[in-house]
Amino acid sequence: MEFSIKSGSPEKQRSACVVVGVFEPRKLTLAAELLDNAAHNHISDIVRRGDMEGKAGSTLLLHNVPGTLCDRVLLVGLGKEKEFGDKEFGDAIRSAVKTLNETGAFDGTVFLTETSVRKRTCAWRVRQAAIVAQETVYRFDQFKSKKDKVRRPLRKLTFIVDRRNELAAAEEALKQGQAIAEGMSLAKDLGNLPPNVCNPAHLAETARELANEHKIDCQIIERDEMAELGMHSLLAVARGSHQPPKLIVLHYRGGKADDKPVVLVGKGITFDTGGISLKPAPEMDEMKYDMCGAASVIGTIKAAALLKLPLNLTVIVPASENMPGGSATRPGDIVTSMSGQTIEILNTDAEGRLILCDALTFADRFAPEVLIDIATLTGACVIALGHVASGLYANNDGLARELLHAGDEAHDRAWQMPLWNDYQEALKSPFADMANVGNRAGGSITAACFLARFTKKHSWAHLDIAGTAWKSGVDKGATGRPVSLLVHYLLKRLGLLS
């Protein structure tokens, strides 16, 4: 979709549709009032009759509004003005774009970006509007023989800002929003692909194509080299699969040569049966989403490259399937990780931490300024936080705060969980340096504690996205989270958010 920024009055817009808001109960926003004045109270008369109360999510499409130059006017309900915040703004944009796309408007001029949101700038509203708009029109239908066609799909959106001196900041925010949305779309595409297509080799090929397109350095480490490096924990997970594992390494070099990189590590289990510790059959199809950590870091480096961010960013993806089989790892096996620490594998369904620990050790060679891993790691995190917030663990409180603030700014939120040494007791093993699981209590915490044993040299954070990486039910599909959080974090580090 094409986007642009303008400043102007709603009644003077030559557009297929002008979009304005109505607060509950029946209170016109300033842009709606200006249209109403030009239309000699035509809109307020309709609202007064009860056709539009202003309830959040409601819409009303008006044709042939007098005194205007546009074909149609779309009224969007914003709910109560005192309660209009981040979520409500996003919902309003979503409702507007969905209606425009379904009613055959080729283009729309959106005045919702003029509407004040508590503690948010004009640039924030434009950035979020671009992200939400792209999310709303996103479709994944490449495997359908008969695609659902939109009769006249929305092709262009113009976001309006209140003052001309806001145009420059809004233009920059629009670029950021578009780049984030593109990164999220890539992450969603990878997550939504069926596991017979999106295997470790496919992730590696996607990385190569991205590297070629954006002048990113790419290295693919194969099984034999992993063995030479001592990655026996990662290799243990791959033993049951016919698909060879891959360790994908991408370097975006936008900073100075001697700048230490931000390193992102994404869990890339392209399908997780649980291995010998086999998962129950219901909803196992959703285990194709167990590589959404990998998808998110690949999407993030794409967004960084599109924005030409002045920093060095390294992405590491350990990619494998977790399958049962004659050569699969058994509960009770002991392996030696790349770090030299030994692990007793009590549950082969706790495989994400086994591939991540070797990837985190591998990251040592890049001397990261910051090390962050992203993984659909534990069902326990879903029980703790549901599907709203990602779980955040960190060995550095400053880094944790930065990620929490970035998530708040992005409306892609996380919640910090404890990482106290008391929880390490659960990982004791009588036969190895550690077990790969503790008991059921605090499962997301003990998983993070396991990873913490491999990251002591660095300022490190772990994002457990098991509850936020995809949706089930009617809206089933990958969400693209936490690409937005991660890109906002990078932008905030560079002082590029306004």
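Colleague: Is Phe89 buried or exposed?

Modeller: Phe89 counts as buried because its relative accessibility is 1% (buried means under 20% relative accessible area, exposed over 50%, partly exposed in between, with a 1.4 Å probe and protein chains only). Trp124 counts as buried too, because its relative accessibility is likewise 1%. Keep in mind that this is a predicted model, in which local features need pLDDT of at least 70 and side-chain atom pairs count only at pLDDT 80 or more, while totals for chains, interfaces and linings use all residues. Residues are numbered from 1 along each chain as its sequence is written, and side-chain values use heavy atoms, with hydrogens and water left out.

Colleague: How many aromatic pairs are there?

Modeller: A pair of aromatic rings is described by the distance of the centres and the angle of the planes. Rings of Phe, Tyr and Trp (its six-membered ring) pair if their centres lie within 6.5 Å, and planes under 30 degrees apart count as stacked, over 60 as edge-to-face and the rest as tilted. By this rule there are nine aromatic pairs. In one of them, Phe89 and Trp124 are tilted, with 5.7 Å from centre to centre and 50° between the planes. This pair links distant parts of the chain, since Phe89 belongs to helix 3 (residues 86-102) and Trp124 to helix 4 (residues 122-137), 35 residues apart; helices (H or I, at least four residues) and strands (E, at least two) are DSSP runs numbered from the N terminus.

Colleague: Which arrangement do Tyr289 and Trp470 form?

Modeller: Tyr289 and Trp470 are stacked, with 5.3 Å between the centres and 15° between the planes. Tyr289 lies in the loop between strand 11 (268-272) and helix 9 (292-307), whereas Trp470 lies in strand 20 (residues 470-471), so the pair ties together parts that are 181 residues apart in sequence. Both Tyr289 and Trp470 are buried. Elsewhere, Phe23, Phe84, Phe89 and Trp124 form one aromatic cluster.

Colleague: Which residue lies over the face of Tyr138?

Modeller: Lys188 lies over that face of Tyr138, at 4.5 Å from the ring centre (the rule asks for NZ of Lys or CZ of Arg within 6 Å of the ring centre and within 35 degrees of the ring normal).

Colleague: What volume does the largest pocket have?

Modeller: On a 1 Å grid over the protein atoms alone, a cavity is a set of points where a 1.4 Å probe fits but cannot get out, and a pocket is an open set with protein on both sides within 12 Å along at least five of seven lines, while lining residues have an atom within 4 Å of a point. The largest pocket has a volume of about 1600 Å³. It is lined by 45 residues, and the closest to its centre are Arg94, Glu135, Lys188, Lys471 and Thr479. Helix 3 gives the most to this lining, with eight residues.

Colleague: Which residues line the largest cavity?

Modeller: A search of the whole structure finds one cavity of 30 Å³ or more, and the largest cavity has a volume of about 70 Å³. Its lining consists of Ala236, Val237, Gly275, Ile276, Asn322, Met323, Ala328, Thr329, Ile345, Thr348 and Leu354.

Terms used: Grid points are joined across faces, edges and corners, and a volume is the space filled by probe spheres set on the points.
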